[in-house]
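Dear colleague,

I am handing over the structure below, and the notes that follow set out what was found in it. Please read them with the coordinates open beside you.

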Amino acid sequence: MPNLVPEPYRIKAVEAIRLPIRADREAILAHAAYNVFLIKSEDVYIDLLTDSGTSAMSDAQWAGLMVGDEAYACCRNYYNLKGTISEVFRFRYFLPTHQGRAAEKVLFAAVVKPGDYVPSNTHFDTTHANIEAVGGHAVNLPLAEGLVPTSRHPFKGNMDVERLQRFVEDVGAQRIPLAMLTITNNSGGGQPVSLANVRAVKEVLSQYGIPLFIDACRYAENVYFIKQREEGYADKTTLEIAHEVFSYADGCTMSAKKDGLVNIGGFLAMNDECLYQRASQLLILWEGFVTYGGLASRDLEAMARGLWEALDEKYLQHRVAQVGYLAERLLERGVPIVEPPGGHAVYLDARRFLPHIPQAQFPGQALVAHVYLEGGIRAVEVGSVMFARKDETTGEWKYPELELVRLAIPRRVYTQSHLDYVADVIIELYHKREQIHGMRCTYGLPVLRHFTARFEFV
Ligand code: P70
């Protein structure tokens, strides 16, 4: 069993979970209008909706909550977090925020003007929405291999550097206030970005004086993939690799709910003092004073500690192996997934899983519904529900290239036997795939509709 890496921790507190019987699962799902976001968490057996904010904190983090200094201004935990951020990310300034999208909102409101463009390897949904909310255009320039679920390119999260160069020439640098790299690329399957790519992207942008910001949610997992897969990095520490990654960036947005190993928290960091001042104004307006940014001081402390723990190599080795184990179990039974598996999730390829369902009938959403019905497992669609856009002039829908169902693995929460159960359920469902029907959307908001949309089977 080459993939077996035992958990590098033991369990100190447990939380009971319960599998409702099949008839109840049917009623629960129908009551939630076939949108798993609307199912009560107590009715979910294995919750793979997201790896965001769902981590188990360590004893050191829980202890850190007790040393939260709940002063409005300049609490000690702010300085602890400041220390961590300057040692790990090495940006000159940072602002705490309550989560990643708040950092995005502040950043884009400070720098993006209506009509501007923000290119990325692939923007995540909240990033995309926050750019458009201030009148900008979010542009994705992924590597071609990134859109081919069976391609085993080691860095499928990379940005296509030639496309970036052409794009900047086409629209003009003055319309591009910044570019972004999402590490790892969540929408494209949790795929990593190589250091060579970060460097190449930075070189192109430097020619035009365009700043590079990193969406750093899963930076530690990305760093571990660099260590494993990129020539010349096997003997470097995760911290050394992180230093190099961020040395090419002018700042980052961070949802610490992922690789910060906390249940809430995030930050925006940058080197530019003017930007820091403008962003501080907006932070005070929307989130809170610059030393707490919408968080309790104890949350800042948990984040300061979690950001370090996420770089621990033994932890990362287990984490990546755990995701890889689930992927291998599915692959050996022919279940179509995005290969190679990413760092935080296994993504089922709904197009190949359900080739009989057209994209307009949401094969990903249908699969999510059946994963719940079959085993009480909550997954999430990363496909047409999340990313299809209606063309305002023609009224036609444009569907995304990838139609995926993400099984996100919360950090330090589930054991191998939970993952074996998940694999058994998905394999069983794969045998019955022809019985799965498409869906129609009966209600959906124009922006970020996946959170609240309603569906029925056709
Ligand atoms: C996820 C969550 C959040 C996220 C992200 C990247 C690359 C920014 C953010 C925003 C969102 C989600 C999706 C489906 C179900 C539940 C939750 N990603 N950039 O799970 O961060 O949430 O802290 O505002 O992935 O991938 P925040």
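**Cysteines**

The sulfur of cysteine 274 lies 19 Å from the closest cysteine sulfur, which belongs to cysteine 252, and that is too far for a bond. Please keep in mind throughout that this is a predicted model. A disulfide is counted where two cysteine sulfur atoms come within 2.5 Å, and by this rule the count comes to 0 disulfides. Cysteine 217 is likewise in no disulfide, since the nearest cysteine sulfur, that of cysteine 252, is 9.6 Å away. Because its relative accessibility is 11%, and buried means under 20%, cysteine 217 counts as buried.

**The ligand and its surroundings**

Which residues are closest to the ligand? The ligand is surrounded by 20 residues, and the closest are Thr50, Asp215, Ser255, Lys258 and Arg406. For serine 255, a polar side-chain atom lies 2.6 Å from an oxygen atom of the ligand. Glutamine 99 also places a polar side-chain atom by the ligand, at 2.8 Å from an oxygen atom, while in arginine 218 an N or O atom of the side chain is 3.0 Å from an oxygen atom of the ligand.

**The open sheet**

Arginine 406, listed above among the residues closest to the ligand, is in strand 14, where it stands opposite valine 380. Strand 14, which covers residues 404-408, pairs with strand 11 in the antiparallel sense over 3 bridges. These two strands belong to an open sheet of 3 strands, whose order is 9-14-11 and whose pairing is antiparallel. Strand 9 (345-349) and strand 11 (380-382) are the edge strands, each of them pairing on one side only. From one strand to the next, the twist averages 35°. Helix 12, made up of residues 313-331, packs on this sheet and touches strand 9 and strand 14, with its direction making about 25° with that of strand 9.

**Strands 2 and 8**

How many bridges join strand 2 to strand 8? There are 5 of them, and the two strands, of which strand 8 spans residues 266-270, run antiparallel. Within this pairing, tyrosine 93 has methionine 270 in strand 8 as its bridge partner. Strand 2 (residues 93-97) is mostly covered, with 4 of its 5 residues buried.

With best regards

Technical notes
Residues are numbered from 1 along each chain as its sequence is written. This is a predicted model: local features need pLDDT of at least 70, side-chain atom pairs count only at pLDDT 80 or more; totals for chains, interfaces and linings use all residues. Side-chain values use heavy atoms; hydrogens and water are left out. Two strands pair if DSSP finds at least two bridges between them. Axes are lines fitted to C-alpha atoms, for helices over the stretch in contact, and angles run from 0 to 180 degrees between N-to-C directions. Contact means heavy atoms within 4.5 Å. Buried means under 20% relative accessible area, exposed over 50%, partly exposed in between (1.4 Å probe, protein chains only). A residue is near a molecule or strand if one of its heavy atoms lies within 4 Å of it. A polar contact is a pair of N or O atoms within 3.5 Å; within protein, one must be able to donate a hydrogen and the other to accept it, and residues adjacent in sequence count only if both atoms are side-chain atoms.
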